[in-house]
Structure formats: structure tokens, C-alpha cells
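Let's walk through this structure together, one piece at a time. Keep the 3D view open beside the text as you read.

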Amino acid sequence: MTRCTRILSAFALLLGAPLAQAGYFQWEMVELPAATGAACGDGSPYRFFVNRTPFSHDMAVSFEGGGACWDQKACLGEGKLGAANPNGIPVDYMQSPNVAHGLVTPFTARNDPAQTVQTQSWNLVFFPYCTGDVHAGSKVAVYADAYPATPRVEYHRGQANVSAAAQWLRANLGQPAKLLLTGFSAGGVGATVTYPLVRDALQPTGNVTLLADSGPLMQAPRSGSPAQYPSLPLHNTIRAAWGLDEADGLVTRFSSGLLVGFDPNNLGSVSGALALTYPGDRFGYMLFTRDSNFSAFSYEKFYPDIANAPNQSAYQHALFSRWWPDIAQWTAALDAYANVSYYVPYFRNVNDSHCLTIIDFSGTGIESAGIASVAPFVDSSLDRGPPTRLVEPENAADFTQPLSIYVRLFNLISRSP
Amino acid sequence: MAAAAAALATVWLWPADEPATPARLSAVATPPSTAAAHGPSGATAAPVAPALQVAPAVPPGISSEQWAALQVQLRGRPDGPAELRRLGDYFAWSDALRRFREARLTGIAATDLQALAQTRDEGLPERLRRSEVTAAEARQIESALLEAIQPDPSRRADQLERWSTAHLAPPAAVDTRQAEFERRQSELVAAWSAQPAAARDRGALARELEALRRQSFGSGSR
């Protein structure tokens, strides 16, 4: 089968999907045909959502976050690091209080009362997260480690979902002008690693930008040790669990010419390879220095001194003694690329200081640099301002900084029994 | 059959392959459904519908050119007049919310802010029902409006809770195909697990599961 025939067949398959019949400025659901390989973790159909505008050809694609899994309990959504949406994505997901854990991001809210961003007037696309694989996997796994009598079949189909959704968007919305890929947490990782799939399918005619929030791919060369590269055990685990090295896995595809300069022995090389492959694009990465959620996800299941820490102080010490060196090596690697920006404030008292672009941007400033919030970083990335490279020094004032009513409300609700 | 599918795909893709330039777009970007129905050059036979018999005033928040172009675009659609009314309502509501947000930032009389909030509050359930806002977005909007309407924080929290209970529906019922799929999937996995460990072929199981999934969920019906 020729490449051309394969592409046409793929598009023809997608024509079987329900077509956009909702009006402008409405969230419409698209269920991808099973034959595309798209699926949620429980095998149910993958659904994503589109909110079109007739006034723009620009497009902002947001990847939902929510944990990850490589064992049965986490794939069932159990535990604090469990994967989101283990029972799939309902047709009315956007009308459900559960969408994105009830969190708003300005990138999917046209009428956000708290935060304006320029992409709110663009075509908006939302990729829900239901595969436990940071939107990256290509493997069907059977997990029976927790409940042997009732194994969990997990369809780690993130890559197929994103590919099929991108092809649907191209077939039904055409080439965008500007394109933004963004996501928070696992969605930040997903937006990063599937960037070439979406970008190549959509072939935008204008500026293309990545804004990956709190989903860093840390440096972790396999020739090193966990003491040198604390994310190495995580990377080795997910490569096997999610089929990244299999014939159609992302690592294999990156190495086969999809990305220039990708080192298959270092997942952390993806960010640099993206910058080299798409020199005209802009890549922006964000996270908090005191993020105790993604750091827990990265290390807790691999280092007994974290999991068995006798108290909160010891736990945080064990966590951050790995997270902070990881951040330092990560930013040092990113410094090599002219089209890469990063923005790392110290702390925000919500969601374990995890994610800058959820709820609103309050509490995301780097005061020592005279920056009140992450908003200028977002605008500068989209508008091709000078690359920003900022890491806020330790700032105790962040612990007591005033936050918006929306952030306070979220804290109130999330702490309620 | 394959050739027909490929031809259909080619026709469908053609409009999208041309970059959308401002010159082609005029005031409104060409919607995919219109492009597909009329073909890339509008040459495909399509009944020419009379102009819509509605000429409502330009809603706030958009230009008269944009509104006129929208009317042209919806011409001929059976639901065109209703869709225009919906869009007009949406634009008006969205623009008032924008003014509310700006008023909070710049500061206006509390009574004026409350009046503005009250009108937006009344329109919010309809916006949610029509999928024009997400549930999380709606709750955030409601909390902003309540802050202007209800000065007492504890009463405000109660009101938000009541509003959420009344307007944010729980997720829809699970897909009816799922239960049967899971039953048959369990049978496949049980049969595979019953084999001696050395005989278990993960690739074969994956292929069987995929075949079952495709059989169960077909071609993307909702």
C-alpha cells in the first residue's frame, strides 16, 4: 500500500465519524471510529470536543491531564496518582462537573470571567485524557497485580487517539492559520510528545506554538544512573508499559525520522529535538519549583525513601532533593535552543503547586523579575517576543501571597470532605 | 468501493488543502459543512435558498460585516433562522459578560455591577444547556456573578452549591455497548490466562481484543 493510499484510507475512515453538526460557539462531541485504533483505557470509544468560531482560522488544542498508570489500581483511577477517566469519556463530558477535574483553563473557556488569553477567540479543541499514558501509548496491557480475579485490560492508545483526532480536524476544519498546542500535567507531556503528529497532520499556515504546563520530560539518558538522573526509573518503566519502543511506538517513530536530533536513549531529548525539527516554532515550558504532584508522580513509586518517609518534612525533602536537580538539568538542556522558553515560578498554594494555567493565572508571578503572572509568558510565546528563561529563586512570600477568589474557592471545595 | 472512498476523501479534502487567506475569507471563515456541501468552487448543484426572512439588529460584540456574513452563510439551512437567533443571544450574553469583567476591574457603582451580574446570571443556565459553556466554566462564571450579587461569603457559598446542584448534571448514562463488550472481553482474557504461561501470546490476545472492540463499537456512532 503506498503512503498516499494509506493517507487517503485514513481520511476515508474518519469520514465515518459523526460530522460536526453543532453550531458555532458550541462544544460538539466527536466520537472516533473504532477502526482508527482510537480508544479509551477501558476500550470504549475515544471522544473529543470542538468549539468552532466563524471569525478565525486559528486553533488552540488543549490536552487534558490527570495522572498516569502502569499498574492495576492506578489504571482503575485508585490512589492519589491514579489515572483520570478510567471509565471513558461520556458524550456530555464538557457539561459534566468532572471535566478536567472540575478545573477551568482559560485555553478552553471563551467566557472565562477571571482570565483572558488571546486564544479565547480561536477555534477551541479539547482532547480528554482517558488512557493513563500521557496521551502517548501504543500498547494493550493486562494488569492483574492488585485484583487477580478481575484483570484490568488497559488500552494505552494515546498516540492513536491524538493521530486520529488530528486527522479528523484536518478533514473537517481544514488547515489552521495559527496553531497552539497546550496542556497541563499529563496533558503537558502529551502536547509535547504528540506535537509532531498534530502539527504534521494540520500543516498550519501561521505561527505554531507549544505551551506545556507542568509536564516536563526531564533529562534521563540510559547511560546514567538514577542518582544522576532521578527520572530515569520512571522513563524506563513507561517505555515498557506504554509500548513506546514497539514498532509503532513513539520512540521508534521519533527515531525513524519524525524528529531531528532525538536520542532514543534519552526521552528528555524530545524537547530539544522538537526545537531542531521545527526551528520556526516556539516552545514554552512551565512548572513550579515546589510542584509536589508531578514530582511525586515522577519518583514516589521508585524511591522507597519517599514512599516510606516518616513525616511530611522528610517526604518533601526526599522528593525535592530529586526534583530540584532534575529541574536544573532540564533548564540547562533547554538553554541550548533559541526557540525554547521556560518559566518556573516558586510556589502557588493550590493543587500541590501543580500547574500554572488551571483556574486562572493568579499566584504565578515571578516578583523578582517584575512579572505579575504567567500571562506575559503566554503572550510572548504566541507573539514571538524574545524567549523568556526565568527560574524564580526561593521566595517564601509565595506561601502567603494573595490568590484570586476562584483559586480560593477551588481550595475550599477540594478540601471539603 | 475503495476507489469511491478515496475519491470522496479527495473531494472532502480539497477545500482544506488550500490555505485560508484573508482574501478568501472575507468576514467569515468558510465553515467546513458549507464547503463540503457546495464543493470547492461552489459548482456542486445546491439549491439557492432565499435570503433569511430575519434581519435582526447586529448583536453587540461583533461587527456588522461579521453578522451579515453569518446570515449569508446560514442561508438555506432549515435551522438558519433559529441558529441566527441563538448566535445573537450568545453574542449579546457574551458581550455583557465581557463588560461585567471589565467593570469589576475598573470599578463601577455596586448597584450597576449587581444589575449587570443579575442579567448574566439569568442567562447562564441556557448557555450551559446549549453547550456554549462547559460545566467548569459555568461554575466559575456563576461564582464571579455571585460575588457581585451576594456580599455575604457564607451565603454566597451556599448559593453556589445550590446552583451547581440544580444546573450541573451528573455524567450521562454509560454507553450501553460497554457492558456487553466488557463481558466478552473478560471471557477472552480468562481463556488467555488459563493457558500455561509459556503458551500465552500477548500479541495474539491484543489482536483478539482489538477485533472485539471494533466489532462492539463499530464506526463511531454516538
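Two strands are said to pair if DSSP finds at least two bridges between them. Please also keep in mind that this is a predicted model.

With that in hand, turn to strand β10 (residues 340-344) of chain A, which pairs with β11(A) in the parallel sense over three bridges. Val344(A) stands opposite Val391(A) in β11(A). To get from β10(A) to β11(A), the chain crosses through helix α12 (residues 375-383) of chain A, and this β-α-β crossover is left-handed.

Now look at the other neighbour of this strand. β9(A) and β10(A) pair in the parallel sense over four bridges, and here Met286(A) stands opposite Tyr343(A) in β10(A). How many residues of β10(A) are buried? Five of its five residues are, so the strand is mostly covered. Val340(A), Tyr342(A) and Val344(A) point one way from the strand, while Ser341(A) and Tyr343(A) point the other way.

Let's step back to the whole sheet. Nine strands of chain A form an open sheet with mixed pairing, in the order β1-β2-β4-β3-β7-β8-β9-β10-β11. At the edges stand β1 (27-31) and β11 (389-391) of chain A; each has a single partner strand, so one side of each is left without a neighbour in the sheet. On average, neighbouring strands of this sheet are turned by 15 degrees against each other, direction ignored. Helix α11 (residues 312-334) of chain A packs on the sheet, where it touches β9 (282-286), β10 and β11 of chain A. The direction of α11(A) makes about 155 degrees with that of β10(A).

Two isoleucines of chain A are worth a visit. Ile359(A) sits in the loop between β10 and α12 of chain A. Not counting residues up to four places away in sequence, Ile359(A) touches Leu103(A), Val104(A), Val350(A), Tyr406(A), Val407(A) and Phe410(A). For a sense of scale, Ile359(A) and Asp398(A) are 39 residues apart in sequence and 17 Å apart in space, C-alpha to C-alpha.

The other isoleucine, Ile306(A), belongs to helix α10 (residues 304-307) of chain A. Ile306(A) has 21 other C-beta atoms within 10 Å, so it is buried. Leaving aside neighbours within four places in sequence, Ile306(A) is in contact with Tyr299(A), Glu300(A), Tyr315(A), Ala318(A) and Leu319(A). Ile306(A) and Ala171(A) are 135 residues apart in sequence and 48 Å apart in space, C-alpha to C-alpha.

One more stop in chain A is helix α6 (residues 232-241). Its buried residues are Leu232(A), Leu234(A), His235(A), Ile238(A) and Ala241(A), and they pack against β5 (139-143) and α9 (294-299) of chain A. After α6(A) comes Gly243(A), whose phi is positive, near 70 degrees.

Now move over to chain B. Its secondary structure comes to 10 helices and zero strands. Of the 222 residues in chain B, 22% are buried. Among the contacts in chain B with a separation of 6 or more, 58% are between residues 24 or more positions apart.

Where does α6(B) kink? The kink, of about 35 degrees, lies at Gly123(B), shortly before the proline Pro125(B).

An α-helix has 3.6 residues a turn, so residues three or four places apart point the same way. Keep that in mind as you pick out the buried residues of α6(B): Leu116(B), Ala117(B), Arg120(B), Leu124(B), Arg127(B) and Leu128(B). These buried residues pack against α5 (80-106), α7 (135-149) and α8 (153-167) of chain B. Following α6(B) is Ser131(B), with a positive phi near 60 degrees.

Methods
Residues numbered from 1 in each chain as written. Chains lettered and ligands numbered in written order. Predicted model: local features only at pLDDT ≥ 70, side-chain atom pairs only at ≥ 80, totals over all residues. Axes fitted to C-alpha atoms, helices over the stretch in contact; angles between N-to-C directions. Contact = placed C-beta atoms within 7 Å. Buried ≥ 20, exposed ≤ 12 C-beta atoms within 10 Å, placed from the backbone. Right-handed = clockwise from strand over helix to strand, strands pointing away. Bend = angle between axes of the 7 residues up to and from the residue.
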